[in-house]
Amino acid sequence: MASPRPVFTYTLLLLAIFVASTSLLEGCANIIPPLGGPRDTLPPRLMNADPRDSLRNFTGKKIVFTFDEYVLLDQVQENLVVSPTPKINPVVESHLRTVTVRIKDTLEPNTTYVIEFGKAIRDVNENNPIKNFRYIFSTGTYLDSMELSGKVFLAETGKTDSTLIVMLHRNLTDSAVTNERPRYYTKVDKEGNYTFKNIAPGTYALYALKDEGSTRRYLSNAQLFGFAPEPVQLNGQQQPVTLYVYAAPSEVKKPKTTTAAAAPKKKNEEEDKDRRLKYTLSLENNQQDVLKPLLIRFAAPLKEYDSTKIRFLDKKYAAITDYRLEWDTTNTILTLHYDWPVNEEYVLIAEKGMGADSLGKSQLRNDTLRFKTLKESDYGSIKFRFTNLDTTRKPVLQLVQSDKIMFSYPITNRELKIRRFKPAEFELRMLYDTNGNGKWDYGDFYKTRQQPERVQSISKKLVVKGNWDNEVDITL
């Protein structure tokens with residue numbers, strides 16, 4: 001009979017199984033570090049300014065700002081605005097929790113100064129900027145309190161541009177905006193707003209411009225520039241002033257005329273054999289848009305042309321007579337004008353001897369080209385309804401793609417109906433055509449002081465659907 005196994009053997013076995021299981025569980029467990037708090041989105045907070053803000057009888061040359069966390073400076077010269085405009089900008093430095101401004105210019109007596117930092121001061125960890133941080137002091141016994149605000153629009157588009165600045169000049173002569181720095185200036189925000197605060201009372205000329213080279217001067221007709229029709233008087237409550245900036249179109253330089261050298265004779269045999277006149281038609285998938293003329297584009301200017309050898313026919317080869325051919329000034333584009341019906345077939349025949357270009361290539365044989373006009377269902381109709389529209393201002397509706405005016409329609413009443421329109425998407429603008437010439441005209445500051453014609457940007461976009469009666473309500 002076998003002897004019984006000792007009890008402690010089972011106890012040791014159970015203990016070994018427990019230890020092994022515990023080790024296995026610890027090896028398989030995912031160790032999760034403690035989660036951090038939410039991301040810091042708060043900008044640095046000013047703890048102290050030395051000297052204090054809004055100090056009168058200021059005589060110092062250094063200002064120290066202390067914040068509640070480490071800070072850095074970002075594009076300080078681009079963000080910094082000091083008013084009145086100094087001859088020498090102050091030096092701005094950061095160290096740990098402080099920002100120091102060292103004044104290099106001679107301060108004027110009895111003058112209120114404003115230092116605006118824009119978004120230049122940021123925290124080190126998350127790069128959060130302090131927005132609209134400004135510091136004021138006066139070298140006299142009081143702080144100036146006049147204010148002026150308004151908006152700036154691009155006259156040609158009705159949009160805004162946050163890279164513009166607005167300036168106040170004490171010198172009211174026209175030449176001051178070219179020859180002198182402004183007394184005060186401020187920047188335009190993304191909505192086109194500008195604000196002056198703590199300005200000395202007086203009469204000022206008001207301008208807006210694209211500050212090229214940080215000169216704060218109007219130096220070129222190509223600069224975006226705008227001016228108030230009359231000087232503004234800051235002696236009390238001042239109504240907002242809206243400015244419309246424009247740029248005169250740059251002059252097109254005529255190329256110098258030179259005697260062209262004789263072209264070398266071609267040696268390539270394949271090119272010598274290819275003497276056929278090359279041209280293309282403005283068809284899309286061999287279809288003609290009934291809203292446009294047919295364009296025939298030649299690879300080189302034509303020097304010989306016989307209009308009797310272009311035949312325009314219907315699908316039964318019957319001659320069409322009520323059309324018109326027109327050359328452009330370069331002799332490379334021939335336009336066929338015709339009142340196209342929808343969903344019809346046509347034939348265009350370019351006969352042998354129709355023309356020859358400046359490269360010596362000519363029409364060597366008859367070319368027969370067949371095409372079809374688009375169907376009615378390829379187009380949509382548009383009905384515009386206008387409210388709050390003053391037709392005495394000669395409004396012109398502009399349909400815009402990629403900042404290019406594709407179509408424009410003078411508006412004479414509260415509705416505009418367009419029977420056919422190809423599907424597309426457009427931005428909408430309204431030109432107030434003062435002189436009635438159908439196009440936007442820029443301003444003239446020095447000669448006539450004529451303001452630019454104004455264009456209002458319309459927030460609603462136009463999406464034209466094919467085979468659909470599109471209706472658009474526009475409130476201005």
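In this predicted model, the second largest cavity is lined by Tyr 279, Leu 281, Ile 296, Phe 298, Ile 310, Leu 348, Ala 350, Met 354 and Leu 369. Strand 18 (279–281), strand 20 (294–298) and strand 25 (345–350) each contribute at least two residues to that lining. By class, the lining comprises 9 nonpolar residues, with no polar and no charged ones.

A search of the whole structure returns 2 cavities of 30 Å³ or more. Volumes and lining classes are set out below.

| Cavity | Volume | Lining by class |
|---|---|---|
| Largest | about 100 Å³ | 9 nonpolar, 1 polar, 2 charged |

A separate site of interest is Arg 122, a residue of strand 8 (residues 121–123). Arg 122 is classed as buried because its relative accessibility is 15%, and the cut-off for buried is under 20%. Its side chain takes part in a polar contact of 3.2 Å with the side chain of Asp 74. The Arg 122 side chain also reaches the backbone oxygen of Lys 119, at 3.3 Å. When neighbours within four places in sequence are set aside, the residues in contact with Arg 122 are Pro 44, Tyr 70, Val 71, Leu 72, Asp 74, Asn 127, Asn 128 and Pro 129.

Methods:
Residues numbered from 1 in each chain as written. Predicted model: local features only at pLDDT ≥ 70, side-chain atom pairs only at ≥ 80, totals over all residues. Heavy atoms only, no water. Helix = DSSP H or I, 4+ residues; strand = E, 2+ residues; numbered from the N terminus. Buried < 20%, exposed > 50% of the residue type's maximum accessible area, 1.4 Å probe, protein only. Polar contact = N/O pair within 3.5 Å; in protein donor to acceptor, adjacent residues only side chain to side chain. Contact = heavy atoms within 4.5 Å. 1 Å grid on protein atoms, 1.4 Å probe; cavity = no way out; pocket = protein on both sides within 12 Å on 5 of 7 lines; lining within 4 Å. Points joined across faces, edges and corners; volume = space filled by probe spheres on them. Nonpolar A, V, L, I, M, F, W, Y, C, P; charged D, E, K, R; others polar.
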